[in-house]
Amino acid sequence: MNQSEFVLLINPFKDKLFRLAKRLLVSTEEAEDATQEILVKLWNKNENLEAYNSIEAMAVTMTKNYCLDQLKSKRASNLRIEHSNFTDKEPSLYKQIEDNDSLKWVEKIINQLPEQQRIIIQLRDIEQCEFSEIAKITEMNETAVRVALSRARKTIREYMLKTHSYGVQ
């Protein structure tokens, strides 16, 4: 496989790899480094890539594992998972403040979820991955992915209801 064939192969999902890395590592620079590292690893395997059913799923799994390794390493000990990519362009200032507050609460709640649920929320609700793809990436049964996603969403919903109904009788 030559360089242009490789670029055509990875182009459709390289941004997805970056977004996942950014979600897990927070830092744009760390996410860029992680994405580049995964692309280099894929290039080194370019002769054997045809043997895989889904190169995208393999790349997402590699990215997830690389990022988790980085988070566990001493060099990344000060990083935390955070997400702040959502901005509205048209709403009123009041609506923007309210939305930002709600988003911060959801981010805070997501950050408190178990690691597996955080990853599943990221892949399903943000990256819009199919359950079968998430099952491959997380090495879980599809039913287990659905259950974990349901539990994560329920936890987020309960915390948000509790937060927004505080003091309301």
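Biologist: How are H7 and H8 oriented to each other: roughly parallel or roughly perpendicular?

Modeller: The model is predicted, so local features need pLDDT of at least 70 and side-chain atom pairs pLDDT 80 or more, while totals for chains, interfaces and linings use all residues. Residues are numbered from 1 along each chain as its sequence is written, and side-chain values use heavy atoms, without hydrogens and water. The axes of H7 and H8 come within 9 Å and cross at roughly 100 degrees; axes are lines fitted to C-alpha atoms, for helices over the stretch in contact, and angles run from 0 to 180 degrees between N-to-C directions. Angles under 35 degrees count as roughly parallel, over 145 as roughly antiparallel, 65 to 115 as roughly perpendicular and the rest as oblique, so H7 and H8 are roughly perpendicular.

Biologist: Which residues of H8 does H7 meet?

Modeller: Contact means heavy atoms within 4.5 Å. Helices are DSSP runs (H or I, at least four residues), and strands are E runs of at least two, numbered from the N terminus. From H7, the residues are Phe131, Ser132, Ile134, Ala135 and Thr138. In H8 they meet Glu142, Val145, Arg146 and Leu149.

Biologist: How do the residues of the contact of H7 with H8 divide?

Modeller: Ala, Val, Leu, Ile, Met, Phe, Trp, Tyr, Cys and Pro count as nonpolar, Asp, Glu, Lys and Arg as charged, and the others, Gly among them, as polar. On that basis the contact of H7 with H8 has five nonpolar, two polar and two charged residues.

Biologist: At what angle do H6 and H8 pack?

Modeller: H6 covers residues 115–126 and H8 covers residues 142–164. Their axes are 9 Å apart. H6 is roughly perpendicular to H8, with an angle of about 95 degrees.

Biologist: Which residues of H6 make the contact with H8?

Modeller: On the H8 side are Val145, Ala148, Leu149, Arg151, Ala152, Arg153 and Ile156. The contact residues divide into seven nonpolar, one polar and four charged. H6 brings Gln117, Ile120, Ile121, Arg124 and Asp125.

Biologist: Is the crossing of H2 and H4 left-handed or right-handed?

Modeller: The axes of H2 and H4 come within 10 Å and cross at roughly 25 degrees, so the two helices are roughly parallel. A crossing is left-handed if the near helix is turned anticlockwise from the far one by less than a right angle, and right-handed if clockwise. The crossing of H2 and H4 is right-handed.

Biologist: Is Thr63 buried or exposed?

Modeller: Thr63 is found in helix H4. Not counting residues up to four places away in sequence, Thr63 touches Leu17, Leu20, Ala21 and Ile38. Buried means under 20% relative accessible area, exposed over 50%, partly exposed in between (1.4 Å probe, protein chains only). At 0%, Thr63 is buried.

Biologist: Which residues does Thr61 touch, not counting those up to four places away in sequence?

Modeller: Thr61 also lies in H4. Thr61 is buried, with a relative accessible area of 13%. The residues touched are Lys136 and Ile137.
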